[in-house]
Amino acid sequence: MSFVPDASFWADFEVKTSRALLKTANSIKLDTTQDQVIPFDNGFLQASAHPQLQTDGSVNLEYTQNYAAKQYFDASLRHNKGPHAGTAKDHWLDPYLAGGSKNDWVNDKFAKHLNKELRGGGTGGSGNGNNGAP
């Protein structure tokens with residue numbers, strides 16, 4: 001028995017994987033917005049989030065506001081005011097990292113996005129493929 005892989009399937013595998021990673025990052029962005037875990041005063045911090053493809057093929061969800069790092073890393077800040085009081089916190093992305101409470105959720109999102117990309121249905125949308133649900 002001889003197997004010859006379909007070269008057209010693998011030709012743009014890296015592109016499809018990168019798109020699935022970007023869509024996964026957008027799903028995380030939507031989930032953090034819906035869970036209201038990002039400190040919120042005027043909405044600029046939350047709105048500044050955007051996925052950024054890295055040279056190693058990974059994707060970072062970056063916040064471009066100059067105070068983002070302080071809000072994220074400084075556990076001494078109190079996030080008990082504004083519309084996200086009670087839910088906003090520092091380190092709001094930690095649950096999505098390896099070993100975090102939403103790590104399986106991230107892996108599931110990536111698998112779904114990649115599956116859709118590989119089947120040729122990976123164009124358009126907000127990156128979550130769930131009609132508004134992350």
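Q: Which element gives the largest share of the lining of the largest pocket?
A: In this predicted model, three elements each supply at least two residues of that lining: β2 (59-63), α5 (103-118) and α2 (13-35). Now look for the one with the largest share, which is 4 residues. That element is α2.

Q: How do the residues lining the largest pocket divide into nonpolar, polar and charged?
A: Start with who's there: 16 residues line this pocket, and I28, V59, L61, Y96 and L97 lie nearest its centre. Sorted by type, the lining comes out as 11 nonpolar, 4 polar and 1 charged.

Q: Which residue of β2 is the bridge partner of L53?
A: Strand β1 (residues 49-53) runs antiparallel to β2, and 5 bridges join them. The hairpin they form has 5 residues between the strands, and there G57 takes a positive phi near 95 degrees. Across from L53, the partner in β2 is V59.

Q: Which helix gives the most to the lining of the second largest pocket?
A: This pocket holds about 300 Å³ of space. It's lined by 20 residues, with P39, F40, D41, Q71 and H79 closest to its centre. The top contribution is 3 residues, and it comes from helix α3 (residues 44-47).

Key:
Residues numbered from 1 in each chain as written. Predicted model: local features only at pLDDT ≥ 70, side-chain atom pairs only at ≥ 80, totals over all residues. Heavy atoms only, no water. 1 Å grid on protein atoms, 1.4 Å probe; cavity = no way out; pocket = protein on both sides within 12 Å on 5 of 7 lines; lining within 4 Å. Nonpolar A, V, L, I, M, F, W, Y, C, P; charged D, E, K, R; others polar. Points joined across faces, edges and corners; volume = space filled by probe spheres on them. Pairing = 2+ DSSP bridges.
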